[in-house]
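Walk me through this structure, please. Keep to geometry and contacts, and give the cut-offs.

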Amino acid sequence: MAQNLAGPEIERLIQLLARVPGLGPRSARRAVLHLMKKREELLTPLGEAMRVAAERIVTCSECGNLDSMDPCSICRDPRRDPSIIVVVESVGDLWALERAAVLRAAYHVLGGTLSPMDGIGPEDLALGKLLDRASRPEVREVILAMNATVEGQTTAHYITDMLSEAGVRITRLAHGVPVGGELDYLDEGTLSAAMLSRTNL
Ligand code: ZN
């Protein structure tokens with residue numbers, strides 16, 4: 001068994017950081033060494049920022065976004081169009097769409113996708129709340145911005161059925177050739193999806 005080289009406090013820090021996605025024990029050790037070197041500029045403010053986040057960040061009871069207030073700042077934003085709800089799997093997907101800044105609409109975070117293999121059923125996702133929101137008179141369109149995976153598409157079908165009586169237009173993101181993509185490099189699934197969802201010019 002590998003011997004611990006550092007004291008228990010540092011080992012604990014390394015073990016915790018190693019559990020962060022994208023890091024492993026090796027990156028965590030490098031990160032901790034860097035933090036120790038930059039104690040004033042990085043370690044102290046990071047510790048304070050994490051303490052504040054642990055205390056104040058909550059899940060929005062309306063849309064499922066993360067923020068320091070509930071409802072979140074997106075749900076409170078009066079410049080957004082409340083007639084469109086964009087359904088996403090995760091807060092990370094919401095952030096990605098916000099970075100693209102293409103639509104100023106409302107969001108709904110499901111908290112995952114239906115996955116019978118992993119034992120994730122409808123009751124594990126924020127589907128009841130979505131039905132409730134989509135049935136409100138001001139809502140005209142629900143955009144299903146799910147990942148182009150089997151689970152994402154299964155979930156999109158489930159939601160389409162669930163909302164069939166809600167009286168809203170249901171749309172989904174286009175699947176196809178990525179911006180800047182070359183046909184020769186695309187897989188067959190992407191190419192056939194692009195061909196099937198071709199549009200008029
Ligand atoms: Zn919200």
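The text below takes a metal site and then a helix pair.

This is a predicted model, where local features need pLDDT of at least 70, side-chain atom pairs count only at pLDDT 80 or more, and totals for chains, interfaces and linings use all residues. Residues are numbered from 1 along each chain as its sequence is written, and side-chain values use heavy atoms, leaving out hydrogens and water.

Start at the zinc ion. Cys60, Cys63, Cys72 and Cys75 coordinate the zinc ion through their SG atoms, at 2.3 to 2.4 Å. Donors here are N, O and S atoms within 2.8 Å of the metal (3.2 Å for Na, K and Ca); water is not among the atoms, so sites may look incomplete. The donor angles run from 104 to 115 degrees, so the arrangement is tetrahedral (four donors, all angles between 85 and 135 degrees). The donor residues follow the spacing C-x2-C-x8-C-x2-C. Cys60 sits in the loop between strand 1 (58–59) and strand 2 (66–67), and Cys72 in the loop between strand 2 and helix 4 (73–76), so the pair ties together parts twelve residues apart in sequence. Helices (H or I, at least four residues) and strands (E, at least two) are DSSP runs, numbered from the N terminus.

Both of these cysteines are buried: Cys60 has a relative accessible area of 5%, and Cys72 has 0%. Buried means under 20% relative accessible area, with a 1.4 Å probe and protein chains only.

Now the helix pair. The axes of helix 2 (residues 25–37) and helix 3 (residues 39–56) come within 6 Å and cross at roughly 115 degrees. Axes are lines fitted to C-alpha atoms over the stretch in contact, with angles from 0 to 180 degrees between N-to-C directions. Helix 2 is therefore roughly perpendicular to helix 3 (65 to 115 degrees). His34, Leu35, Met36 and Lys37 in helix 2 meet Arg39, Leu42, Leu43 and Leu46 in helix 3, where contact means heavy atoms within 4.5 Å.

How values were computed: Angles under 35 degrees count as roughly parallel, over 145 as roughly antiparallel, 65 to 115 as roughly perpendicular and the rest as oblique. Four donors count as tetrahedral if all angles lie between 85 and 135 degrees; four count as square planar and six as octahedral if opposite donors are over 155 degrees apart and all others between 65 and 115; anything else is irregular. Buried means under 20% relative accessible area, exposed over 50%, partly exposed in between (1.4 Å probe, protein chains only).
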